[in-house]
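Hi everyone, thanks for coming. Could you bring the model up on the screen, please? I'll talk us through it once it's there.

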Amino acid sequence: MNGWLTTILILLPMAGALVVWTAPLSRHRAGSFALLVALAEVGVWINALVRFDFGQDGIQFEQRTSWLGDLNISYHVGLYGFSLWLVGLTVVVMAATIGYGFWVGRDRARAYFGLMLLLTGAVVAVFSSQDLVLFYAAFEAMMIPLYVLVGAWGGAGRLRATVKFVIYTMAGSLLMLVSVIVFGLSQGTFDLVDTGASGSSWIFLGFVAAFVVKAPLFPFHGWLPDAYREASPEVSAVLSGVVSKAAVYGFLRVAIAKFPGPAHDFKVPILVLASIGLVYGSLLAFRAPDFRGVIAYSSLAQMGLITLGLFSFNDAGLDGAVLQSVTHGLVSATLFLLAGAVERRTSTGELALLGGMARGRPALATLLMATGIVALAVPGSAAFAGEFLILAGVFRQGWAWAVVGAVAIVLAAMYVLRVISATLHERPGSAVTDAALDLRPAELAILVPLVACLLALSVWPAAVSERSFPRNRAAALGAPVGWTVYPLRPATFPRDLELKAK
Amino acid sequence: MKPSIDWFALSPVLAMLGAAGVALLTAVLVPGAWRRAVAALAAALGFAGALTAAALVYGFTDHGHGVVADAMVRDRFGTFAEMIVAGSGLLAVAISYDRRPRGCEHEAEYYALLAAAGAGMAFLVTANNLMTLFLGLEWFSISLYILCAVDVDVVGSLEAGLKYLIIGSFGSAVLLFGSALVYGSTGQLGFAAIAQAISAQGLRDDPLLLTGLAMIITGLGFKASAAPFHMWTPDVYEGAPTPVTAFMSAATKTVALVLAMRILVTAFGAEDDLWTIAVAVIACASLAVGNLAALVQRNAKRLLAYSSVSHAGFMLIAVAANNQAGGEALLYYLIPYSAMSLGAFAVVAARERELGKPATVDDLSGMGWERPVLGVAMWTFMLGFVGFPLTGGFWGKFLVFRAAYDRGWIWLMLVGVVATVVSLPYYLSIVRAMFLRTGAELRLAQSAPNPVAGGSPPRERLLTAAVVAALGVTVASFFVVQPIIDGARDAANALPF
């Protein structure tokens with residue numbers, strides 16, 4: 001019975017999408033219906049969260065049906081602790097963004113809301129797939145709605161942005177397709193739970209190609225600034241908050257779990273790219289002339305940080321990477337929606353034209369400050385817990401990585417404070433008039449839950465960091481006995497270093 | 001001596017041939033107002049009957065065997081292809097129905113030729129010797145030469161017919177000459193007999209045989225529009241009436257590739273170290289030429305024509321693999337490919353009728369919002385051509401790559417991947433035009449001879465139904481892949497891999 005939960009999480013939004021597309025609904029009804037489905041999806045996820053047994057090793061809510069039996073390809077879904085949190089991030093952010101799209105009143109509503117719901121289903125399928133072909137299919141299926149969502153509802157430069165976005169990501173994921181086929185056929189099965197580890201560097205690099213573009217890591221981020229700036233704010237929120245986390249799942253579930261040897265061999269290049277992305281993204285974010293540019297480049301930096309955690313191959317780093325994924329997803333989604341709110345009021349995102357918006361707009365100021373403080377990893381915030389775990393983890397790989405990470409955290413404070421002061425403080429900008437109202441109740445209803453999630457995580461980050469993996473992480477990833485991904489973890493790794501925010 | 005004739009095995013051919021006869025009779029017996037409907041109905045019934053008959057023959061044929069004095073073969077491999085041809089024909093009739101205003105001439109002949117072409121194709125895929133092969137090839141080719149030129153008042157159509165006639169005849173002549181060389185070398189016409197003769201007489205390195213083999217591959221390459229034998233394709237696809245193009249792109253490619261696989265595997269199994277390389281090279285050339293040339297096309301039909309060249313390349317990878325997995329991959333690939341190709345040309349046809357002129361990619365602007373059913377279908381077809389999941393195109397590419405992997409040719413997989421990346425911009429340019437730009441960007445006034453006066457687009461129920469059916473096949477072949485693969489495996493078992 002419980003196995004159906006995952007399938008429901010995947011199919012409910014897709015069925016909702018079909019209804020929105022086929023039923024002759026008015027704009028208002030299409031939006032209400034989509035929001036209802038998205039909220040129901042959150043409800044289903046909460047149900048799954050309550051039923052999930054965090055003490056148990058291995059996969060839960062598993063369901064498996066043969067798809068192409070000759071090649072042992074099956075529809076095989078299920079959730080690990082970290083998948084559950086990533087799915088949770090997805091459903092919450094998607095509900096908020098669908099609500100935002102509804103409130104803003106996107107035109108061509110039936111197409112729009114159908115695509116958003118389809119995207120929800122596809123992303124949940126990515127985070128819960130336990131079969132490589134299903135994973136690839138869901139990974140690609142995300143692109144189908146995103147292409148039109150960015151391209152049809154985006155800004156003036158949307159056409160160029162979408163072409164770049166699609167060609168970058170497809171080039172990566174087609175290399176992954178080769179890897180999927182070669183890996184699956186050489187293993188005799190495409191099932192992620194049944195397959196053993198592989199030592200082939202080429203197959204590993206094929207997978208990595210898809211994930212580094214999707215994340216993105218430096219220097220594969222060429223599509224990022226265009227796409228994040230030209231898409232509508234809620235689609236940017238989904239892109240940076242949720243879709244980029246597909247790469248985290250891919251690294252965790254495939255690249256690291258199935259290729260322990262190559263992952264170690266290529267550890268240094270990947271850590272170098274992640275570090276460069278972290279510093280370079282932070283510097284660009286500090287120099288970006290517009291609100292969304294800051295968030296876009298900060299996403300590049302944050303994905304670098306998460307990758308540092310993933311490739312530290314120890315408990316602290318992995319826990320921190322999952323926690324940071326969830327935190328960053330919520331932070332960047334909130335910030336993009338806030339950027340959208342500011343742009344609606346001022347018709348611009350140029351920081352030079354903004355300023356002084358705190359005066360007379362307490363709700364906007366409070367929410368932006370609260371999110372910003374989490375984003376810059378003030379001690380006590382969820383992002384601080386995540387970054388600390390990541391740095392503690394990557395420290396075991398060499399102190400220099402941790403130094404780079406620490407420097408970047410200082411830079412994060414700089415760019416976040418810059419965007420806050422340029423928007424809220426200083427003199428009122430030329431684009432800010434008295435007609436620019438404070439956040440409306442509907443916007444509050446969308447944004448306050450997101451910020452509340454962030455504050456809750458700040459109070460109790462261990463909810464995610466201690467509940468992503470069972471004690472035996474190797475078993476959690478379905479790896480065979482004798483798996484040695486984390487040989488660098490000393491048996492006496494000081495527990496108190498892992499900062500469980502106690 | 002009169003050979004015993006297995007009428008049941010021939011029933012798909014006979015159904016379409018009978019339909020052609022009935023349709024031709026309506027040209028003289030049925031009054032003008034009813035002629036088109038009756039002829040189209042006859043053709044549709046013929047194709048539907050052929051589909052049913054082929055399915056029955058498939059079901060009742062466990063082991064392949066020669067029929068009609070071994071001139072033809074009754075096996076699941078051939079009947080599988082017959083089903084694809086008959087299905088394509090059925091959709092082509094639906095796409096054609098609203099093709100011109102009521103009361104035009106040659107309507108009955110049009111459907112008669114369509115059914116006759118289908119019959120020739122069904123005959124060809126069950127050919128078992130070089131004689132029936134050539135007979136079937138010419139049978140459907142001649143029907144198609146006329147169909148391409150059927151719109152005699154359109155200059156492009158006449159030109160297309162003539163071009164197809166000349167280059168197609170050249171291809172046929174090469175094939176015939178090659179067949180003659182093979183016969184001269186081995187003294188045999190039957191495919192299996194040729195294979196026996198090669199091994200019995202030690203003809204592996206016989207120059208006559210090798211030249212013949214090369215010429216047969218060339219001749220079939222012309223029909224499959226594989227590069228470098230593709231030069232007729234864009235011109236003919238552009239000039240021919242769009243429903244005919246749709247039928248040609250799906251069915252001609254099917255039979256040419258299926259027959260290529262049959263003759264190469266059955267008759268020239270001993271030479272496989274040579275022809276697999278040759279076919280792989282042709283596949284790479286098709287992928288390169290098709291995709292690169294498509295990038296710069298502005299006319300929608302030319303773009304799709306080059307896309308069909310590149311897909312010939314993909315399917316030739318399956319042929320070059322020369323293994324069971326390749327047979328399955330080819331037969332599977334043909335199903336979503338035929339559906340997508342027919343559907344895509346149908347959508348272009350709908351736009352052409354709306355605008356009254358050949359459609360460029362820009363002319364598709366805003367169509368996705370104006371006619372959402374056709375728009376979503378076209379979107380799916382384009383994604384399917386790229387090989388996106390949620391369409392059968394994904395499994396097609398997957399299985400082709402698997403066949404190349406089984407063969408040990410990972411480099412061929414990589415060529416396919418690079419080709420797919422190159423193909424992205426032009427497939428997406430169609431989606432971009434349909435959904436990301438608005439109809440306001442259309443500049444009809446200057447270019448169209450009959451500017452559209454506005455109002456709602458024409459309602460072409462049959463065309464829409466055909467597109468929806470093609471969409472259904474495209475999507476369903478992704479989700480229910482197992483039964484199709486089972487069928488394709490049984491079919492591929494008929495060949496001596």
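I'll go through the two chains, their contact, and then a few places inside them.

One thing to keep in mind from the start: this is a predicted model.

Let's begin with chain A. Chain A has 21 helices and two strands. Its radius of gyration is 21 Å, close to the 23 Å that the globule rule gives for 502 residues, so chain A is as compact as a globular protein of that length.

Now chain B. Here we have 20 helices and two strands. The radius of gyration of chain B is 22 Å, close to the 23 Å from the globule rule for 497 residues, so chain B too is as compact as a globular protein of its length. Its C-alpha atoms fill a box of roughly 70 × 55 × 40 Å along the principal axes. In chain B, 64% of the 497 residues count as buried. For contacts with a separation of 6 or more, residues 24 or more positions apart account for 80% in this chain.

So where do the chains touch? The contact takes 28 residues from chain A and 25 residues from chain B. On the chain A side, strand E1 (60-68) and helices H5 (132-141), H6 (143-153) and H7 (158-187) each supply at least two residues. Which of these gives the largest share? That is H7(A), with 15 residues. By class, the chain A side has 21 nonpolar, three polar and four charged residues.

Let's turn to the nonpolar core. The largest one has 411 residues, and those with the most contacts inside it are A:Met142, B:Ala43, B:Tyr111 and B:Ala115. Helix H13 of chain B, residues 324-355, gives the most to this core, with 20 residues. If you click on B:Ala115 and skip its neighbours within four places in sequence, you'll find contacts with B:Met16, B:Ala19, B:Ala20, B:Ala23, B:Ala43, B:Gly46 and B:Phe47.

Next, the two strands of chain A. E1(A) and E2(A) pair in the antiparallel sense over six bridges. One of the bridge pairs is A:Gln60 with A:Leu79, the latter in E2(A). Their hairpin has four residues between the strands, and in it A:Asn72 takes a positive phi near 55°. Is strand E2 (residues 73-79) mostly covered or mostly open? Mostly covered: seven of its seven residues are buried. A:Ile73, A:Tyr75, A:Val77 and A:Leu79 point one way, while A:Ser74, A:His76 and A:Gly78 point the other way.

Staying in chain A, have a look at helix H8, residues 201-214. At 1.5 Å a residue, its 14 residues should span 20 Å, and its end C-alpha atoms are 20 Å apart, which agrees. How much of H8(A) is buried? Ten of its 14 residues are, so H8(A) is largely enclosed by the rest of the structure. Among the buried ones are A:Phe204, A:Phe207, A:Phe211 and A:Lys214. What covers the buried residues of H8(A) includes H7, helix H11 (245-258) and helix H12 (260-265) of chain A.

B:Gly178 sits in helix H6, residues 155-186. It is buried, with 22 other C-beta atoms within 10 Å, where 20 or more is the cut-off. Beyond its neighbours within four places in sequence, B:Gly178 is in contact with B:Gly212, B:Met215, B:Ile216 and B:Gly219.

The other one is B:Ser225, in the loop between helix H8 (207-224) and helix H9 (233-239) of chain B. Why does B:Ser225 count as buried? Because B:Ser225 has 28 C-beta neighbours inside 10 Å. Its contacts, again leaving out neighbours within four places, are B:His230, B:Thr233, B:Ser308, B:Val309 and B:Ala312.

Terms used
Residues numbered from 1 in each chain as written. Chains lettered and ligands numbered in written order. Predicted model: local features only at pLDDT ≥ 70, side-chain atom pairs only at ≥ 80, totals over all residues. Rg over C-alpha atoms; globule rule 2.2 N^0.38 Å. Buried ≥ 20, exposed ≤ 12 C-beta atoms within 10 Å, placed from the backbone. Contact = placed C-beta atoms within 7 Å. Nonpolar A, V, L, I, M, F, W, Y, C, P; charged D, E, K, R; others polar. Expected span 1.5 Å × (residues − 1). Core = buried A, V, L, I, M, F, W, Y, C linked by C-beta atoms within 7 Å. Pairing = 2+ DSSP bridges.
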